[in-house]
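Visitor: Could you walk me through reading a few features in a model like this one? Let's have it on screen.

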Amino acid sequence: MANVVVVGAQWGDEGKGKIVDWLSERADVIARFQGGHNAGHTLVVDSKVYKLHALPSGVVRGGKLSVIGNGVVLDPWHLLKEIETIRAQGVSITPETLMIAENTPLILPFHGELDRARENQNSVAKIGTTGRGIGPCYEDKVGRRVIRVADLADAATLELRLDRALVHHDALRRGLGLEPINRDEVLAQLREIADDILQYAAPVWKVLNEKRKAGKRILFEGAQGALLDIDFGTYPFVTSSNVIAGQAATGVGLGPNAIDFVLGIVKAYTTRVGEGPFPTELDDADGQRLGERGHEFGTTTGRKRRCGWFDACLVRQTCATSGVSGISLTKLDVLDGFETLKICVGYELDGKKLDYLPTAADEQARCTPIYEEIEGWSESTEGARSWADLPAQAIKYVRRIEELIECPVALVSTSPEREDTILVTDPFSD
């Protein structure tokens, strides 16, 4: 049976939550494989809105197993609070429906404190972090001093791991003018929530391998977008993990041969939150119109998103680095009523034309877009569920995007509602 990876192919906020939720009807397991609660997925189901940050989007589907993989960094207090919130909306979450990998790193209070302190004191260039401790936790993971879910089960191991972390963090805090960490307080906080978290702990790698052998369909859910990837994003204005599809295998404990289809989620225009280069950004009435019609505010932070025209050059690049099999084009309805649309087909840098975004940050900042104009449409595409429901010019826009990014469109989303989706190619088809 086919297993599908869903990744954002821009700077995040592409509408992955809805698409994962829509696809999860066809899946048996939904697994988050990277990121943390800095990600925000908004689902609209029968007019009821669910806002998820740490939980996989599949939790709102009954009878599915949702998994938080080892590639995720997890704030246990936030998770427990989020579970309470979603339960209050009528969704059942139990150890039978939610599983956390035993080797998942935990975000502790001092991770967030360090994150915010460094961002506030960075006089050179702010990264645009959400301040939730994601980066510092990934740093501790690589530095071999992080506390993982399994450590909560043994008092001696927990203290050893915490002491190792404090040697590093207290030295950093002194340099930033912060007070030393209260060891006993952190230890008490961890002990208090240990049983609540451990009830969901499991050897995810083993469970998923068994599910795969049994022919179950696995849907791998990514957070953020490929342009925020630590290696292939617009560094240093990126997240602290690998976002591209290759991380799906590593982030849950499966081999790369477990991936059958990579679905890249792409907005019909472009947005970005926070700092960093953005070649097609619009600081005019068109940009404001995109933001207002698309309700472009971050699910996690509430920050206003920067808006611009569709960048086919960048999406072609991210489709290559993630091995995208097909894209899901979202928010097509936001473009309704534009007389003329623009698509970026390349860049000009110091008098030279490029068909990719260069790696060097200074060159990225100097790139100016080369646009192709296409006629817009006056009819509404909102709620369309078949090609026949779309204006001819909207179909031309979609087809031109396919040509420019060199990747077929598998799905088209025309509103936040789950069923307002045009299926072109089923990613789960064998």
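Visitor: Is Cys 319 buried or exposed?

Guide: Buried means under 20% relative accessible area, exposed over 50% and partly exposed in between, using a 1.4 Å probe and protein chains only. Cys 319 has a relative accessible area of 8%, so it is buried. Cys 407 counts as buried too, at 5% relative accessibility. Mind that this is a predicted model, where local features need pLDDT of at least 70, side-chain atom pairs count only at pLDDT 80 or more, and totals for chains, interfaces and linings use all residues. Residues are numbered from 1 along each chain as its sequence is written, and side-chain values use heavy atoms, leaving out hydrogens and water.

Visitor: How many disulfides does a search of the whole structure find?

Guide: A disulfide is a pair of cysteine sulfur atoms within 2.5 Å. The search comes back with zero. The sulfur of Cys 319 has its closest cysteine sulfur in Cys 407, 4.2 Å away, which is too far for a bond.

Visitor: At what angle do H5 and H6 pack?

Guide: Two packed helices are described by the angle between their axes and the distance between the axes. Helix H5 (residues 155–176) packs with helix H6 (residues 183–198) at about 140°, their axes 11 Å apart. Angles under 35 degrees count as roughly parallel, over 145 as roughly antiparallel, 65 to 115 as roughly perpendicular and the rest as oblique, so H5 and H6 are oblique to each other.

Visitor: Which residues meet there?

Guide: Contact means heavy atoms within 4.5 Å. From H5 come Leu 158, Glu 159, Leu 162, Asp 163 and Leu 166, meeting Arg 183, Val 186, Leu 187, Leu 190 and Arg 191 in H6.

How values were computed: Axes fitted to C-alpha atoms, helices over the stretch in contact; angles between N-to-C directions. Helix = DSSP H or I, 4+ residues; strand = E, 2+ residues; numbered from the N terminus.
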